[in-house]
Amino acid sequence: RSGEMAKLTQLIDNEVFRAYATYTTIVLLKMMLMSLITAYFRITRKAFANAEDTASFGKGENAKKYLRTDPDVERVRRGHLNDLENIVPFLGIGLLYALSGPELYTALLHFRIFVGARIAHTFAYLIPLPQPGRGLSWAVGYAVTISMAYKVLKTALYL
Amino acid sequence: RSGEMAKLTQLIDNEVFRAYATYTTIVLLKMMLMSLITAYFRITRKAFANAEDTASFGKGENAKKYLRTDPDVERVRRGHLNDLENIVPFLGIGLLYALSGPELYTALLHFRIFVGARIAHTFAYLIPLPQPGRGLSWAVGYAVTISMAYKVLKTALYL
Amino acid sequence: RSGEMAKLTQLIDNEVFRAYATYTTIVLLKMMLMSLITAYFRITRKAFANAEDTASFGKGENAKKYLRTDPDVERVRRGHLNDLENIVPFLGIGLLYALSGPELYTALLHFRIFVGARIAHTFAYLIPLPQPGRGLSWAVGYAVTISMAYKVLKTALYL
């Protein structure tokens with residue numbers, strides 16, 4: 001049994017895999033932060049989606065008026081959904097890329113640029129920055145994922 | 001070739017990895033159940049999002065009136081999206097955590113509490129339970145994921 | 001260190017794992033394509049979600065009228081969300097399935113049918129095809145994922 005554990009540990013001891021683990025964890029934590037920011041805006045703007053969330057404001061019409069959308073809340077939610085749409089491909093393709101034997105330097109470059117681009121995208125969305133700020137940060141992360149996908153298909157293609 | 005297979009099988013034979021595989025599969029199946037519940041409410045409440053879905057109700061205005069939102073459908077959809085936002089981080093961080101060599105007991109504790117919290121969250125959303133029921137179940141799953149992320153970064157950090 | 005690399009490469013050299021890597025990358029790229037289609041419809045239909053995206057159309061009311069929803073944009077977005085809801089389970093359960101030691105022939109069958117069904121689902125959503133076209137393609141992908149989940153739980157169950 002300790003032999004098996006050693007084998008698993010070898011995976012996490014590999015430098016490319018450790019880099020993948022680090023940057024994936026960081027970017028997933030960043031995505032999780034969007035939930036807290038949504039909650040912050042829901043509470044400060046008093047804009048909720050569920051009747052049971054407004055019960056503390058009283059009953060009937062008094063509470064019902066807080067069942068509404070708010071521009072700031074919706075903005076964070078759009079940013080969160082954009083994270084899902086882009087970080088899910090990174091999660092899957094990045095894992096396969098890390099297992100496809102890339103050079104450490106190249107892999108680090110991919111992971112760092114992707115995570116940097118997604119953090120920039122969040123700032124561009126939430127501040128908000130004028131376009132093409134958000135568009136460019138989105139495109140950079142997208143291009144990095146395509147580049148990793150190309151390497152995976154080149155290495156592993158089995159149709 | 002059978003040597004390779006043996007190596008792969010060793011991964012799935014590892015107890016921590018088997019626990020990860022079991023609880024991840026369960027929580028993903030739970031998330032997939034949300035699609036069926038959405039379909040159930042769309043059909044029983046006659047509330048659809050696409051014109052082609054209402055064609056069986058006739059043509060023109062008669063079918064068009066079923067292109068509408070329904071509170072019960074929207075509630076399930078919010079629960080489904082919340083699943084995506086929270087189970088995707090668990091999928092990625094949990095995998096890396098399982099490979100970071102945790103104690104079996106600790107790993108089982110993390111996986112069981114996370115999956116229990118997400119099942120509780122679904123009930124809290126769909127019944128619905130008064131707050132803070134849903135909020136607490138969400139927070140427990142969130143905290144478990146943060147705890148696993150901490151272990152991953154402590155073990156694997158490579159920036 | 002090269003010993004470790006060899007071990008990682010063995011994972012990607014396994015035929016079942018290579019098939020998983022290939023089909024997962026393809027279906028994730030397909031999902032990413034939805035972002036480009038959304039952008040295409042947003043630009044051609046002039047329907048945007050963020051004020052900063054309409055700044056190039058002028059200021060004030062002139063730009064504000066492009067902050068609106070459009071049926072074609074919303075249709076692509078529903079297709080994209082449906083992808084997330086179905087491809088995330090495939091990503092996780094498919095990986096565990098690939099590690100659970102299935103026959104190559106059986107694994108290829110699962111991966112090919114799933115990816116084919118999701119491509120068919122996208123066409124059914126975007127053309128759109130009359131029902132039950134979209135419903136059936138969704139159900140096929142769903143059933144394949146359940147079948148893989150069954151194999152994972154049968155092989156790895158550890159509660």
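**View 1. Three salt bridges are counted between chain B and chain A.** The model is predicted. One pairing joins A:D53 to B:R134. Their closest N and O atoms lie 2.9 Å apart. Polar contacts between chain B and chain A number 13 residue pairs, with both residues at pLDDT 80 or more.

**View 2. Helices of chain B supply the side that touches chain A.** Two or more residues each come from α1 (2-13), α2 (15-44), α4 (71-98) and α6 (133-156) of chain B. The largest share belongs to α4(B), with 13 residues. Sorted by class, this side of chain B holds 27 nonpolar, six polar and seven charged residues.

**View 3. The contact of chain B with chain A draws 40 residues from chain B and 40 residues from chain A.** How much area do chain B and chain A bury between them? The figure is about 3400 Å². Carbon and sulfur atoms carry 69% of that area.

**View 4. Chain A also meets chain C, through 42 residues of chain A and 40 residues of chain C.** Together, chain A and chain C bury about 3400 Å². Of this area, 69% is on carbon and sulfur atoms. Which residues of chain A lose the most area to chain C? They are A:L96, A:L99 and A:Y158, together 21% of what that side buries.

**View 5. Three salt bridges cross the interface of chain A and chain C.** One of them links C:E52 with A:R134. The closest N and O atoms of this pair are 3.3 Å apart. The interface of chain A and chain C also has 13 residue pairs in polar contact, both residues at pLDDT 80 or more. On the chain A side, α1 (2-13), α2 (15-44), α4 (71-98) and α6 (133-156) each supply at least two residues. The most come from α4(A), with 13 residues. By class, the side of chain A that touches chain C has 27 nonpolar, eight polar and seven charged residues.

**View 6. Helix α6(A) has 24 residues.** From first C-alpha to last, α6(A) reaches 35 Å. That is close to the 34 Å expected at 1.5 Å a residue. Which residues of α6(A) are buried? Among them are A:R134, A:S137, A:W138, A:G141, A:Y142, A:V144 and A:T145. Further along α6(A), A:M148, A:A149, A:V152 and A:A156 are buried too. Residues three or four places apart in an α-helix point the same way, because such a helix has 3.6 residues a turn.

Notes
Residues numbered from 1 in each chain as written. Chains lettered and ligands numbered in written order. Predicted model: local features only at pLDDT ≥ 70, side-chain atom pairs only at ≥ 80, totals over all residues. Heavy atoms only, no water. Contact = heavy atoms within 4.5 Å. Buried area = accessible area lost by both parts, 1.4 Å probe. Salt bridge = Lys/Arg side-chain N within 4 Å of Asp/Glu carboxyl O. Polar contact = N/O pair within 3.5 Å; in protein donor to acceptor, adjacent residues only side chain to side chain. Helix = DSSP H or I, 4+ residues; strand = E, 2+ residues; numbered from the N terminus. Nonpolar A, V, L, I, M, F, W, Y, C, P; charged D, E, K, R; others polar. Expected span 1.5 Å × (residues − 1). Buried < 20%, exposed > 50% of the residue type's maximum accessible area, 1.4 Å probe, protein only.
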